[in-house]
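These are my notebook entries on a structure I went through item by item. Each entry records what I looked up and what I found.

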Amino acid sequence: MAADGPTTLGILARAVDTHPDAVALIAGETSLTYVEYAASVAALAALLPDAHGRPVATFLRNGLAACVAPFAIQAAGGIAATLNPDYTASELAPMLADAAPAALICEDDLVDKARAALIPGADTRLIVLPQNPCALFDGLPIGPLPPPPDPDAHAVLQFTGGTTGRPKGVLLTHRAVATNVMQREARLPTIYGDERVLCIMPLFHSFAAAMCLHLSANAAGTLVILPRYRPDWVMDAIARHAITRLPAGPTVFNSLLAYEGFRPVHLRSLRCAYSGSAPLSAETLARWEARSGVPIYEGFGQSEAGPVLTYHGPATLLKTGSCGPALEGTELAIVDPATAARLPKGASGEIIARGPQIMTGYLNQPEATAATLRDGWLHTGDIGRLDADGYLFVEDRLKDLAIVGGYNVYPREVDEVLMRGPGVTEAGAVGVPDAYRGETIWAFVSGRAPDPDAIAAHCALHLVKYKWPSAIHVLNELPKTAAGKIDKLALKTMARGMANVT
């Protein structure tokens, strides 16, 4: 089984060839060797004869199946659309309507939600996997890992939020995803056959796919998967499995530093940690490295960028507050957000990028694609600057976006749920700085005697937990701009003032 072309399936095939009997995946007390990993991929791929060229969606929690399924979908010629299993049916429905997947792979206790999210009469088969990981692929035909697909075919459909409230499906080719793996390897070199990576982040997320699933396979290493984050589980897993690489979001590093069981002696096996999905504060970086002695390398990217554009690494100069220089083969520039005119080094503006890892566009959204991809450049919607050495400093977000514990939350989506809440006639949600989660969502509403408790219960029915407003404030009237729109800047200013008081 030789790797053939720049695809992640080829990367997995190389690990199977070179280290067939090495442990590839560990979830709880269950593990798969690389040859068993390949056999599981082939078995699940055999159940997807109608997937060629079409999306296949997954609702899978962290575990063996969440690792096997994306490779299996791609092995069958399909496009892997990994969706958050904690989303409500209301949140999932527009994504499934847009993707029109050939199949939906879910765990047995999520079947009702899956059916509720599908459009009646949709041409989508439901493939149900049992919760017991030992029985995931019992009885399925076992065959060899299929050959790698066409590198220029679509491999990934990653849904991300939109400022219009409609989720956008990012389309990435096999070449883009696999090239980004190689770009990261050049900046963050691993030891082939001698890495143990801890997966805390949810595997449906692009950061976990990049820095856990693909990184581990590319190193022919062992991926140790936790079902969710708990500081005691993390410390135990690092010590018990001699973890060498720890990818996580800033919230995890903050939590571990605050955990009473944090002992640097338990981290002796760690070679480094990777931070992503949200900005890492200089204070957290300094405290972590002082207490643990383990470096954190921070990067910057987004789903549209395959997903990584920059990273610090062992051979780069660590500049506090920076996300590092561009990866090999990647160009960055700073432009005026209004005119797209190039700005000089040191000036702040919108970050734009181009390189082989960039998306081909958004599924079924040509106008959004044209607005984001212009003359071969990805307009990220983030504000930053480049210093004289080409190191990127991210300063703000042009988009109406909050990052809550590493998850992108678009307040417009929360607004729409709030507007359906009892007694609400006006609503505005904003991100507010939070020392633990980076940001939290605050909601402001007005209307016919709206009840914050009833609104909170309504949000819990229609939003995944990290999107729930942490505070709901009732106003007589929401502030407006001169054009009569709800003034989100005024709400942010109000919220930050209240947060400082409370």
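Predicted model: local features only at pLDDT ≥ 70, side-chain atom pairs only at ≥ 80, totals over all residues.

**Entry 1: cysteines.** I then took Cys212, whose closest cysteine sulfur is that of Cys199, at 3.9 Å. That distance is also too far for a bond, because a disulfide requires the two sulfur atoms to be within 2.5 Å. I searched the whole structure and recorded 0 disulfides. I also looked up the accessibility of these cysteines. Cys272 has 2% relative accessibility and counts as buried. Cys212, at 0%, is buried as well.

**Entry 2: helix 1 against helix 3.** I asked at what angle helix 1 and helix 3 pack. The angle is about 115°, and the axes are 10 Å apart. Helix 1 covers residues 8-18 and helix 3 covers residues 64-75. The two helices are therefore roughly perpendicular to each other. I noted the crossing of helix 1 and helix 3 as left-handed. On the helix 1 side, the contact is made by Thr8, Leu9 and Leu12; on the helix 3 side, by Phe71, Gln74 and Ala75. Sorted by class, this contact has 4 nonpolar residues, 2 polar residues and no charged residues.

**Entry 3: helix 1 against helix 7.** I next looked up how helix 1 packs with helix 7, residues 206-218. Here the angle is about 45° and the axes are 8 Å apart. Helix 1 and helix 7 are therefore oblique to each other. From helix 1, I listed Thr8, Ile11, Arg14 and Ala15; they meet His214, Ala217 and Asn218 of helix 7. By class, the contact of helix 1 with helix 7 has 3 nonpolar, 3 polar and 1 charged residues. I noted that Thr8 is listed in the contact with helix 3 and again in the contact with helix 7.

**Entry 4: Lys488.** Is Lys488 buried or exposed? I found 19% relative accessibility, which counts as buried, because the cut-off for buried is under 20%. Lys488 is placed in helix 14, residues 488-501. Leaving aside residues up to four places away in sequence, I recorded that Lys488 touches Asp400, Pro411, Asp415, Gly428, Ala429 and Val430.

**Entry 5: Ala43.** I located Ala43 in helix 2, residues 34-45. Ala43 has 0% relative accessibility and counts as buried. I also looked up its separation from Glu413, 370 residues away along the chain. The C-alpha atoms of Ala43 and Glu413 are 38 Å apart.

**Entry 6: backbone details.** Which residues does the cis peptide bond join? I found that it links Gly306 and Pro307, with omega about 5°. Pro307 sits in the loop between strand 13 (296-301) and strand 14 (308-311).

I then turned to positive phi values. Ala100 has phi near 45°, a positive value in a residue other than glycine. I placed Ala100 in the loop between helix 4 (89-99) and strand 5 (103-107). Its relative accessible area is 42%, so Ala100 is partly exposed. For Ala340, phi is near 65°, again positive in a residue other than glycine. Ala340 belongs to the loop between strand 16 (331-335) and strand 17 (349-354). With a relative accessible area of 34%, Ala340 is partly exposed.

Note on methods:
Residues numbered from 1 in each chain as written. Heavy atoms only, no water. Axes fitted to C-alpha atoms, helices over the stretch in contact; angles between N-to-C directions. Helix = DSSP H or I, 4+ residues; strand = E, 2+ residues; numbered from the N terminus. Parallel < 35°, antiparallel > 145°, perpendicular 65-115°, else oblique. Left-handed = near helix turned anticlockwise from the far one by under 90°. Contact = heavy atoms within 4.5 Å. Nonpolar A, V, L, I, M, F, W, Y, C, P; charged D, E, K, R; others polar. Buried < 20%, exposed > 50% of the residue type's maximum accessible area, 1.4 Å probe, protein only.
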